[in-house]
Amino acid sequence: MSYRLGVDVGGTFTDLLVIDEVNGRTYRDKVPSTPHDPSEAVIAGARQICGHAGIAPNELALFLHGTTVATNAVLEHKIAKVGLIVTEGYRHILQIARSLVPGGLAAWIVWPKPEPMAPLEATIEAPERIGADGAVVRPLDEAGLRANIARLREEGVEAVTICLMNSYLNDTHERLVAGIVAEELPDIPVSLSADILPEMQEYERALTTVANSAVRPTVSRYVGNLERELHNWGSDAKLSLLRSDGGLMSAEKSRSAPVNLLMSGPAGGVAGAVWVARSAGTPNVLTLDMGGTSTDVALIENYQARLRRETSVGHLTVRASSLDVKTVGAGGGSIAAVPELTRALRVGPQSAGAVPGPAAYGRGGELPTVTDANVVLGYLPENLLGGSFKLDREASRRAVQTIADALGLSLMEAAAGIISIVNETMFGALRLVSVQQGYDPRDFALMAFGGAGPLHGNAMGALMQSWPVIIPPSPGILCAYGDATTRLRVDAQRSFNKLVTQTGDDDVDAVIDEVTAQVTAELAAEGVAPEDQELRIEIDVRYSGQAFEVPLESPRGSGIADLVRRFDEEHKRLFTFNLSAPQELVNVRVVAHGKAANVAAQTIERGNGDPSSAKLRDHSVWMEGAEREAVIYDRSKLRAGDVIPGPAVITEMDSTTLVLIGHVARVDDYANILITPEKN
Amino acid sequence: MPARIVQQNQSPFALVSIDPVTLDIIENALRNARIEMDATLVRTAMSPGIREQGDAFPLIANHEGKMIVGQFGSFIDGFLRAYDGTIEEGDMIFLSDPYSCEGAISHANDWLVLLPVYRNGRLVAWTAMFGHQSDIGGKVAGSMPIDAHAIFEEGVRIPPVKIYAKGEYNQDLVKLIMHQTRKPDWCAADLNALIASCRVAARRVDEMCARFGDDVYVSATQALLERNYRAMKTLIESSVSTDTVSFEDYVCDDGVGYGPYKIKCSMRREGSKVILDFTGTDPQSDASINFYLNENMFKMFFGIYMIMVFDPQIMFNDGFYDLIEVNIPEGSLLKPRYPAALSGRTHALGRIFDILGGLLGQRTPEFLCAAGFSSSPHLMYSGRDKHGDWFQLFQIGFGGIPGKPFGDGPDGHSLWPGFTNVPNEFLERYFPLRIERYEALADSGGAGRFRGGNGILMSYRFLADGSVSIHDDRWFTHPWGVNGGKPGQRARKILEKADGTKTVVSNKLDNLAVEEGDILHFITWGGGGWGDPLERDPALVARECRQGLVTREGAQAYGVVVTEALAVDEAATAELRASMRRDTNDVFDFGGTIEALRERCQAETGLPPPCPPVWHHQAMAAE
């Protein structure tokens, strides 16, 4: 017997999903989260779901886990005190950063510069220098370094990062320094920039490696707790964590390179969306994960989410691969305001958060939020969260009325305006991942999830002209599906940096073989036999002299000529022109994936198309400038094939779906709600 | 003859009323289009000045040429007044001559592309982008000869021409221009990037028109202009006095031995209108530090400084221009007569912002920032490497940001929007040099309750013989402090030879021969301090000593005595502070009069003071 367990920790609930690897059967469960130590709920949930499903702990083969432990450590600044060792002359590398002041002209007047992630008083210099050709310009002065390390001891650093100039070409000095640190500061974890990010650009390399050090003790403690508790429970399941790029990494690797976990949370949602897209048979999907304070959007093409070479959390942007998820400060809790001077309607990025929350929650919030606008318009009926949670409709009306008064609009017009503005913000984010990358949104479906996504999904589909709009079942548990169904992933890359005029297919193939051997061995060490591995080879191409590369897939043996032709096509699609400059092959990258889970989505009973047995009650909503008759349905009672004309509201425990006038919702065999315009 | 706009469809746009929500949606979409312009440019340009540092400026204007989104205000009306020709569908205009667009771009290194956007036979919008080219030919590498006496010495100068005429690309024109530069590869790619960026924005405008209707879109741009007008009117009436206030500051020298040059601006309100008058500014220079200041651009700078604090999300546009009148005397440093040289205009451009700050803040010192907008320090290094290949570096540096009412000025950051430094590993990989030191120079920021940002010390070790040009300012005058804050330290450049001898070199020079192994210490200015330094927390001063941002000696300026172990000596600090109580209520601290600076110049800077300017030409400022 072999089972895999996916666990996703959310702010309120920890979701669990067990999959029988033999027959694909699934079991779902959720337990309240334990924010003080998330591993408590994880283990409690694991025991509970296995108990209910009758699975013994030793039958679990894989324990797959998406976690926001690293993300929260950064956002809440509960990070380790990091000592940073840099090349002599570069002590202020994090202080000067890239010299950029975000915003327009005069933004410097109001910009609060964040403090460096590794304190300057704990940044020391190593007397040494490597040149831009990789040669040693000045050998490491060991005695001088040891004297400087005394400073780190005085400062009581909890982790150390080493980032020396040009170490991406020659890492011997970084390793020498690491050896000395190990002697001088035993038991302090050390991260090397040459291990974490062997790439040009000293500031980004330093910052990324510092971020790694900063979350390392927290992640290490967390993973250690989980492993210990799993062991105590009697399970020897292999623990893997979901990386920001949607792949899985072993627990052991995650303890040394946790910077790859910073976007583990959103990656779970996108990975889950990929899985739903497969069951719904829609290879191209835009995802809209709308929560209380922010919304994440991403683009999935042919069942693959786009990747980017950066990860951003709060003010921090590091150079670690992540799914190309754009986040905007627009969510259910986003506050609407009208600045006195310009009389413009602004929504967000300020958020009422969970406390005091929207006025409707009755927790002391008085400012109008997106949720309040939804309540006023009737889109969010009172029995949110299965009736256990009352909404204060009057409070919402009072709050939104302040906007109406400031703009000289009626209450309903103001509420509809707030919804339009927040939708427009999300529209901008969706365009960033689609139109701006040269994709036509009409070729994509739109999948809406997260607490508020299903309320806004239909409207976003209309703005993007992306149909159908897919609302997956239990939008809250989507992340756990992602955790459980994604695959182990290992990747590695080499700088190649040769013009196509200066190299040949043999040179390229030799590098591909070398990198392939490395990733294959690494994934084999994680327990995936080479024959079960799937390889993807990518080469980054640009015109000589450009700063940005276009990554292109390049299967072994496909040849440079074909690659160059495809690059020219892609460049034209993205930027409307080609150049006569020769193309440069910048990086060669190989990604190895493990086996996918054998898991099919569960089907629901088929009905006769009439949803009336799921009807809860009649209702009225404000839509397109008038009060409209609508019906509220209970999602759990809907059957496959049911057809629901808009306007309608469909409720379930963790979310509410809104179907707009002129649109129709259909339920498919897997309980997905698919919304399309009526005329289609 | 002004430009003649040819439209197949002559019917005027119908002005329709726009509900506030649609208006905000269109505003948002325009903002996104502008972000997309920047992204396209940076991803496809090749010169490090644009692709790494971001020295480029986008614009989307309405059909009348008024800026709806952008940074520096619209220059299209000036261009239309001066352009003798037709504008037709499928045209694209290319230009670089400041004298042909009323100074919309201020030196010939900036290449400007203008795209009229047509829809259904009517002009609905303009998109434009300009970017700084690293080399456009002329007498020195980098094309900014300090000693130029006329614009003819500053490289290729492009009058408004059609790079596309009715959709037809003018290959020969581009070939002719590229033939004039030392870096045709960079220029060609950057020009393509400017074009691609304009096209992206044009496509977005077209989509918006399709989504909302042409009339709605055009009416919305009108409403956005009006929104800015209303906001600015309220602001002006409530915060600008009818009494005249004035402020003056200086560009240190002209690079050929004369200086400082005074820039003076006065401000007063008449009704709802602000009058900004540069009378009292020195006459134009014989050398290249002249700055042809476009009046509209200055209106935009003024507007942005006024409104920043009140609605930071607002999208600035040209709507408020009628509320502001700018008077710049002909023949002055800010409106030189053709064919005055213009390439070194960066110093006066930077100084304009310090002047604006000083002018606006005088009545409300609590909102006043210190000085620090020195200039954009440039370094050019060119020659042939060991393989005999030509190399040419153009790099923009940064100083310290001024102390401000909301806190310290950041160390070594850019006051220009969107500008970044170049990674040193990138420099070392592609140019024969090594950066041996790159740090925020301790004590260079002026002391204050909120400290001025430190300048940067960047030590270039040259690995090939070559030639260096330097453009910097604030080496003679200080970035001033305010409300008791001290002035920041001044810029310095030191050439260190292989044998260890050090020479202070000028902050404006061309053709400095450097040899393999030489080190150039390129030191930029620190920002001025804000508020009484004695009010700064002593623990913070000691912490900054441990951070290498302030020295133990520098801590004395805050009245703080720091022990050898870099902790606060409480007793000694109390004593020192008691002896230092502030005895003046002057708002500004310039670090001395011009006469005093002149006297101390050689001793303090290692350089002789500049000679008072003599005006060789008839052009005189209208005093």
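Okay, let's start inside chain B: B:Leu457 has B:Ile523, in E23(B), as its bridge partner. Before I go on, this is a predicted model, so local features need pLDDT of at least 70 and side-chain atom pairs count only at pLDDT 80 or more, while totals for chains, interfaces and linings use all residues. Residues are numbered from 1 along each chain as its sequence is written, chains are lettered from A and ligands numbered from 1 in the order in which they are written, and side-chain values use heavy atoms, with hydrogens and water left out.

Back to that strand. E17 of chain B covers residues 456-462, and helices and strands here are DSSP runs (H or I, at least four residues, for a helix; E, at least two, for a strand), numbered from the N terminus. E17(B) runs antiparallel to E23(B), residues 519-523, with 5 bridges joining them. E16(B) is also antiparallel to E17(B), and there 7 bridges do the joining; two strands pair if DSSP finds at least two bridges between them. B:Leu457 turns up here too, as the partner in E17(B) of B:Glu439. As for cover, 6 of the 7 residues of E17(B) are buried, where buried means under 20% relative accessible area, exposed over 50%, and partly exposed in between (1.4 Å probe, protein chains only).

From B:Ile523, go 75 residues along the chain to B:Arg598, and the two C-alpha atoms are separated by 21 Å. B:Arg598 sits in helix H13 of chain B, residues 594-605, and is partly exposed at 23% relative accessible area. What does B:Arg598 touch, leaving out residues up to four places away in sequence? The neighbours include B:Gly259, B:Phe476 and several prolines, among them B:Pro609, B:Pro610 and B:Pro612, with contact meaning heavy atoms within 4.5 Å. A polar atom of the B:Arg598 side chain lies 2.4 Å from the backbone oxygen of B:Pro610.

Now B:Asp135. You'll find B:Asp135 in the loop between strands E7 (122-132) and E8 (161-165) of chain B. Is B:Asp135 buried or exposed? B:Asp135 counts as buried, because its relative accessibility is 0%. Its side chain makes polar contacts with the side chains of B:Arg182, at 3.0 Å, and B:Gln392, at 2.7 Å. A polar contact is a pair of N or O atoms within 3.5 Å; within protein, one must be able to donate a hydrogen and the other to accept it, and residues adjacent in sequence count only if both are side-chain atoms.

On to where the chains meet. Chain B brings 81 residues to the contact and chain A brings 79. Together they bury about 6,900 Å², with carbon and sulfur atoms giving 58% of that; buried area is the accessible area (1.4 Å probe) that two parts lose on being put together, summed over both. On the chain B side, the residues losing the most are B:Arg43, B:Glu425 and B:Arg429, together 12% of what that side buries.

How many salt bridges cross this interface? The rule finds 7, a salt bridge being a side-chain nitrogen of Lys or Arg within 4 Å of a carboxyl oxygen of Asp or Glu. One pair to look at is B:Glu428 with A:Arg129, at 2.4 Å, N to O. There are also 27 residue pairs in polar contact across the interface. Several elements of chain B supply at least two residues each, including helices H1 (20-44) and H9 (424-430) and strand E16 (433-440). H1(B) gives the most, 14 residues.

Last topic: salt bridges in general. Over all chains there are 88. In chain A, the side chains of A:Arg243 and A:Asp491 form one at 3.7 Å. A:Arg243 is in the loop between E11 and E12 and A:Asp491 in E25, so the pair ties together parts 248 residues apart in sequence. A:Arg243 is buried at 6%, and A:Asp491 is partly exposed at 25%.

In chain B, B:Arg81 pairs with B:Asp77, also at 3.7 Å. Those two are about one helical turn apart, because they are 4 residues apart in helix H3 (76-82). Both chain B residues are partly exposed, B:Arg81 at 47% and B:Asp77 at 28%. And a network to finish: B:Asp249, B:Asp253, B:Arg351, B:Asp354, B:Asp473, B:Arg474 and B:Lys508 are joined by salt bridges that share partners.
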